[in-house]
Amino acid sequence: MKKVTTATLMAMKQNGEKITMLTAYDASFAKLFDEQGVDTILIGDSLGMVLQGHDDTLPVTVEHIAYHTASVRRGTQRAMVIADMPFMSYATPEQAYASAAKLMASGASMVKLEGGRWLFDTIEGLVERGVPVCAHLGLTPQSVHKLGGFKVQGRDAEQARVLMEDAKLLDEAGAQMLVLECVPSALAEKVSKAVSMPVIGIGAGAATDGQVLVMHDMFGISANYMPKFSKNYLAVTGDIRKAVSLFIEEVQNGSFPSEQHSFN
């Protein structure tokens, strides 16, 4: 099968085909997800919580992400590999360029950053330098202390307005994908229609261009708790490969996420 590229993802959005994304942190799971047909694999800074046992993602370093990115790349043939930029690894454009260079050299085909309009120049600069960028709005875990915890974002009119404006600005800056986390379904649908880049939801309803889950959540083995927006596919199927296959099927036919996995 042909390798998934930014052009592939853009064509999928334009054709109304849902994009699937899972996190992975090693070659074995990356290979399994790749063989089942997952479109994109994210080396998330979620590894700080699900692998390292921290309460949040803040202790994760560029070196941690680079190590796991190299591992995932070795297990992947088709899926696009996306690497998270950890907390304070892109505080300035110059720092972002250096961090992105390490992650791309480790095997990433795209990097992901959390934040709104303040990242406009950084994203524009990365794209100009040949680095594809995935933006991240809504609940941004690296800002968990500023946000006052893991809370749904965009529920009031002002928050929704700012989020929409930020999404449009990041689209204009050249971001080629956007993750929307824990935002009301109606707002996520409006954002998905307003920007040219594919929008991947997690706790953002079924109307986005695709869905992402943390692998530990979809297998029901997270050390802390099961988020409302996740689903234990392993409990449903009893088999890891079937669990991944069912996730892909339900994302593609629109049955996941359902209302119980979304926010109003």
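This is a predicted model: local features need pLDDT of at least 70, side-chain atom pairs count only at pLDDT 80 or more; totals for chains, interfaces and linings use all residues.
Biologist: Thanks! At what angle do H2 and H12 pack?
Modeller: The angle is about 50° between helix H2 (residues 27–36) and helix H12 (residues 240–253), and their axes are 9 Å apart. H2 and H12 are therefore oblique to each other.

Biologist: Is their crossing left-handed or right-handed?
Modeller: The crossing of H2 and H12 is right-handed.

Biologist: And which residues make the contact?
Modeller: H2 brings Phe29, Leu32, Phe33 and Gln36, while H12 brings Ile240, Arg241, Val244, Ser245 and Ile248. By type, the residues of this contact of H2 with H12 are six nonpolar, two polar and one charged.

Biologist: Switching topic: how many disulfides are there?
Modeller: Zero, from a search of the whole structure.

Biologist: Is Cys134 buried or exposed?
Modeller: Cys134 counts as buried, at 1% relative accessibility. Cys182 is buried too, with a relative accessible area of 5%.

Biologist: Last one, where is Ala135?
Modeller: Ala135 is in strand S5 (residues 133–138), and counts as buried at 0% relative accessibility.

Biologist: What is Ala135 in contact with, leaving aside neighbours within four places in sequence?
Modeller: With those neighbours left out, Ala135 is in contact with Lys112, Leu113, Leu170, Ala175, Met177, Leu178 and Val179. Also, the C-alpha atoms of Ala135 and Glu114 are separated by 6.1 Å, though these residues are 21 residues apart along the chain.

Note on methods: Residues are numbered from 1 along each chain as its sequence is written. Side-chain values use heavy atoms; hydrogens and water are left out. A disulfide is a pair of cysteine sulfur atoms within 2.5 Å. Buried means under 20% relative accessible area, exposed over 50%, partly exposed in between (1.4 Å probe, protein chains only). Helices (H or I, at least four residues) and strands (E, at least two) are DSSP runs, numbered from the N terminus. Contact means heavy atoms within 4.5 Å. Axes are lines fitted to C-alpha atoms, for helices over the stretch in contact, and angles run from 0 to 180 degrees between N-to-C directions. Angles under 35 degrees count as roughly parallel, over 145 as roughly antiparallel, 65 to 115 as roughly perpendicular and the rest as oblique. A crossing is left-handed if the near helix is turned anticlockwise from the far one by less than a right angle, and right-handed if clockwise. Ala, Val, Leu, Ile, Met, Phe, Trp, Tyr, Cys and Pro count as nonpolar, Asp, Glu, Lys and Arg as charged, and the others, Gly among them, as polar.
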